[in-house]
Amino acid sequence: MRMAFLFLCIGAFAFEALGKSDWPIDEARINLRDNSSLQRGAQLFVNYCQGCHSAKFVRFRSLAEDIGIVDSRGKVLSHLVKENLMLYTNNIEDTLLSSLSAEDAKKMFAGVTPPDLSLIARKYGADWLYTYLRSFYKDETKSSGANNALVPNVAMPNVLGELQGVQIPVYKDVQKKQIEKLELKEPGKLSTPEYDKQVADLVNFLVYMGEPVQLTRRKVGVWVVISLLGLVLWAYFLKREYWKDITAHTLEK
C-alpha cells in the first residue's frame, strides 16, 4: 500500500485554484498534544503523500522525539521509525524527502514539481486542508478521474480515494455546475466518520510540521507573560515605596 501512491500520483498537487468556489469550510478538530493522532498522521503522510511530496524541513529523528516515538528515557525508538515511517532512506538524520526527483517530476507533470508540504498548513490553514481532502468527487472529464468541490479543476488526484470511496456531486444549478453537496456512491475501506478522523490525523500532522516547536513556544510564552507581570508588580510596589518617601520628606518641609 505504501508504494501505491506512486501509481496514483498522476497529477501535481495543485493547491492553487484554477477556479473559485464558495464551498463551505469545515472545522478541523486537531490536537497537537495528541501523539497518537500525530503518529497516525505521520504514517498516512509517508504512505500517501511522500511518493510525490517532500517535507524537507523535518528530520526523522526530531519528528520521532516530538510525536512520542521514544522509550521511557526519551530515546528515539529507531527501529519503529524505520519500520513505519522511513520508506526511501535508512538514515534517521535524513529529512522526509520524496522518492521523486525534480527532473522526473517535471517530465511526469508537464514541468510542474509537486510542492514541498513542510509549511503547507501555515499557508492554507488546518480547516482549509481538512475540507479540501474531503471534497474530492468523481469527474470523468478530468485526466485524474477526480475533481474537487473546494478547488475546481484541481490537478491532484484523489489519493485517499481507496479509503474514502467514490463521491458524486449533487448540483443545485446544473448549467452553472454549482454543487450543493457530495454523496458517497461507492464506499471505501473506511466509513465516513472513520475517514474524517483519518483526515483530521493527517491535517494534525501537517500542522505540526508547519511549526514543530509551537507547543514549546506556547509553554515558554506563558512563563514569559507571568515573568513580565511579576516585573510590573515589582515596579509598582517599588514606585509606591519611592514616592512614599518623597511625600513624607515634602510634608516635613
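The second largest pocket has a volume of about 230 Å³. Its lining comprises 13 residues, and Arg134, Gln164, Gln167, Leu182 and Asp196 lie nearest its centre. Strand E6 (178–187) and helix H9 (192–210) each supply at least two lining residues. H9 gives the most, with three. By class, this lining has five nonpolar, five polar and three charged residues.

This is a predicted model: local features need pLDDT of at least 70, side-chain atom pairs count only at pLDDT 80 or more, and totals for chains, interfaces and linings use all residues. Numbering starts from 1 along each chain as its sequence is written, and side-chain values use heavy atoms, with hydrogens and water left out.

A pocket here is an open set of points on a 1 Å grid where a 1.4 Å probe fits, with protein on both sides within 12 Å along at least five of seven lines; lining residues have an atom within 4 Å of a point. Volume is the space filled by probe spheres set on the points. Helices (at least four residues) and strands (at least two) are DSSP runs.

The largest pocket holds about 430 Å³ of space. It is lined by 21 residues, with Tyr137, Pro152, Tyr171, Lys177 and Ile179 nearest its centre. Strand E5 (165–173) gives the most to this lining, with three residues. The classes are seven nonpolar, six polar and eight charged residues.

| Pair | Closest N to O |
|---|---|
| Arg61 – Glu93 | 2.5 Å |
| Arg134 – Asp196 | 2.9 Å |

Asp26, Arg134 and Asp196 are linked in a network. Arg134 lies in the loop between H7 and E3 and Asp196 in helix H9, so this pair ties together parts 62 residues apart in sequence. Both Arg134 and Asp196 are buried, meaning under 20% relative accessible area, where exposed is over 50% and partly exposed is in between (1.4 Å probe, protein chains only). Asp26 is partly exposed at 30%.

Elsewhere, Arg61 lies in helix H3 (residues 60–66) and Glu93 in the loop between helix H4 (78–84) and strand E2 (95–96), so the pair joins parts 32 residues apart in sequence. Arg61 is partly exposed at 30%, and Glu93 is partly exposed at 35%.

Technical notes. Nonpolar A, V, L, I, M, F, W, Y, C, P; charged D, E, K, R; others polar. Salt bridge = Lys/Arg side-chain N within 4 Å of Asp/Glu carboxyl O.
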